[in-house]
Every structure is written in C-alpha cells, then in structure tokens.
Amino acid sequence: MTGSAIPRVLLVDDETDFLESLGQRLALRGLPVRTASSGPAALEIINEEPIDVVVLDVRMPGMDGIETLRRIKESHPRIEVVMLTGHADLESSLEGMRFGFFDYLTKPVRLEMLVEKIREAFKRGRGEQVSSRETFTDKLQQHMIVADRLASLGELAASIAHEINNPLAVISESAGWLRSRIEHGDLSSEELKSSVDRALSKIESAVDRAARISRNFLRFSRAPDSMVREIELNDLAVEVRELNLRSAAAASIEIDVVRAPAGEDGVVTDPYQLRQVLLNLVTNALHAIGREGRVEMIVEGGPNQVSIAVVDTGPGIAEEHVEHIFEPFFTTKEEGHGTGLGLAVSRGIVEKLGGRLEVENRPGSGCTFRVVLPRRRD
C-alpha cells in the first residue's frame, strides 16, 4: 500500500498491441501505468517498485494469469488485482476467487468500467469502503448460493412428496370410512359416534402434519432479502430435522436434536440463510453415512455466542481431501449426486453472518461441522 492518492497501475497481457493501446488510454485518464507482457515480467516490476493495482490477463503462455495472481497475493497481499479474459471462464473465475482477486472483466472491456474498477480496487487496498456496486466475486457468490439452494430443493422435493403422502393416505382412508358409514350406517349409535370422532381426529392430525411439512419446505424454498432477527436455534434445528426425516428413515439413519437449555439458544441472525447452511450440513452427513448410522444436531449456548454442531457416524473425510472440502465444485459424491457447492456456499454464508464454520474430522468414525455465531451482530 502506498501513500499516493492516485493508483499506480500495472497492465499485464501477452497481446502487445492491446497492452500498448490500453496503457495509453489509461495514462490519458491520469493513471500512472507500467506494462508487462508476461507473468514473470510483472513480478519483477512489482518487486522493484510500488504498484497498487494490477490489471491481469487470465490466458497467457507460460505463467498464466491465475498463477501470476497467486504469486502476487503470496508476496504482496495488499496489491489488488483485476482479472481480464477474452471469454467467460467460470473455472478460472473460481480459482481467482480462491486467491483473492478484486474483480473479473471480459474483453472487450469498456474503459469507463475498467477505470472504475481500478479506483475501487485501489480504495479497498487502502482499507477504504468501496461503492455499493457488487464486484464479480460478490455476484458469483450470490449465484452460487442460489444454485446450491435450487439443488437442495431438488433433493428435498422427492423426499417431501413421499413425506406428505403418508398423512394424505390417512386422510383418504379415514374419509372413505366416514363416507361408507354415512351411506350404510346408523350415525345415531354412541359406538358409531365414537368411531367417527376418532376418524375425524386422525384427519385433523394428518392435516396438521402435512401443513407443518409444507410450511417448513416453503420456509426453505423462499428466497427473501436478508432478514436479520432474533430466533431460537433449537427450533431451527428441529425444522431441519423434520425436513430430513424421510430421507434418514429410508436409509435407516437416526437423526436427532440435542437442545440447548431453554433461553440459551437465542441468536440474532438471518434464519433463512442459516437454514440453508444447516440443511447442507445435515444432507452431507446423511450422504456420508450411506446406511445405518446416526446424525445429531447439538445446540449449545454461551454468554457471547451460540453454536450448532452436525455430528455424523460416517467414515469421516479422507485426509487428502480435507484441505479441499471448502473449494467450489469439489465433491467426493458420485456424479449426479452433488454440485460441490454446499460447503463453499455454507462457509461464505456463515462468515457473512459474522460467524465461522469449523470442521473436526475423525477418519473412520465420522465428522463434525460446527457453526459458531455471535449472539448479536455488531
């Protein structure tokens, strides 16, 4: 970081004509510009003189833009990097997110947009607040959250359909019995009145159950704006358990909630986003176990923070995979059984809620993912 009020810019691109032209146009806007036609040349300049913002091409021969970005951030973490590419490249953009670029623009780039991004990147490098406009990283993270939510909804839909079929069967059977009694029976006898009363009670109970299942599903499926309010974490855990009961039962897996003492589970947070995180963690736990095991959601409260741990009795995580589990699109599930977004999205959500997502791996005996949140956000 420098004391200059004007960002010193380094342009890096192997297309020399593009490099020269863009450098001249930025210089006319009052931006001091250096140029480099390769990653190694860029690193030499950065090591020799102060640079605030690097505008870096993704596709370059030899050391590509992603590797150059990694080395820049490794040795000069306060330098901000704006990535450029000739085509949309999701894989590169995700790698760039991992190493911490500021934004990602496609060629041909509009000069005004690039100048704005350079100035905002410079502000962030100096620790200043940038404008409210979302960066590419922000937008991509939001798309990932939506994609993960849709994938989860797809998995839930089949389970919910089966779950609702049970109370519907009870309603159908009881209603059919009532109709047959009305058509052929004498409703005046006390015994028949008692039987009718029991049938109506079954119907009412089944309707309540179906309504509760539907309500929990709709709470998850809706995508409202951020809504931070005080909730009881015990209740949220119970909702997530109910959404997964059918899937768990089909695989002979017990799923339970260990509640915090009454009054110790209160937290001010966004329940919709937190519900998505918990659903991801529980779904992953069920998949990890496969058949016959146990999943517990353990809620704990403290003076300044609350936590909920999802503990499973599965095989745990292979040691070679542990460092990659939070990377977007990394998955060990069979093809068609996971997007690889769940843990990456979950960690991002938890961090935005002011908390952290911890993992405790027990190879051969299970895994624990723990969401830790402050009781109240500053």
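Predicted model: local features only at pLDDT ≥ 70, side-chain atom pairs only at ≥ 80, totals over all residues.
Residues are numbered from 1 along each chain as its sequence is written. Local features need pLDDT of at least 70, side-chain atom pairs count only at pLDDT 80 or more, totals for chains, interfaces and linings use all residues, and side-chain values use heavy atoms, with hydrogens and water left out.

**The nonpolar core**

A nonpolar core is a set of buried Ala, Val, Leu, Ile, Met, Phe, Trp, Tyr and Cys residues joined through side-chain atoms within 4.5 Å. Buried means under 20% relative accessible area, exposed over 50%, and partly exposed in between (1.4 Å probe, protein chains only). The largest such core has 40 residues, and Leu274, Phe369 and Val371 have the most contacts inside it. Helices (H or I, at least four residues) and strands (E, at least two) are DSSP runs, numbered from the N terminus.

The largest share, 9 residues, comes from α9. Contact means heavy atoms within 4.5 Å. Leaving aside neighbours within four places in sequence, leucine 274 is in contact with residues including Ile231, Leu236, Leu353 and Val371.

**Helix α8**

With 18 residues, α8 reaches 26 Å from its first C-alpha to its last, close to the expected 26 Å. The expected span is 1.5 Å times one less than the number of residues. At asparagine 244, α8 bends by about 50 degrees; the bend is the angle between axes fitted to the seven residues ending there and the seven starting there. Asn244 is also one of the buried residues of α8, which include Leu233, Leu236, Val240 and Leu243. Just after α8, serine 252 takes a positive phi of about 55 degrees.

**The sheet**

In a regular strand the side chains alternate between the two faces of the sheet. Two strands pair if DSSP finds at least two bridges between them. β7 and β9 run parallel and are joined by 6 bridges, with valine 257 opposite methionine 297 in β9. An open sheet of 5 strands has the order β7-β9-β10-β12-β11, with mixed pairing. Its edge strands, β7 and β11 (356-362), each pair on one side only.
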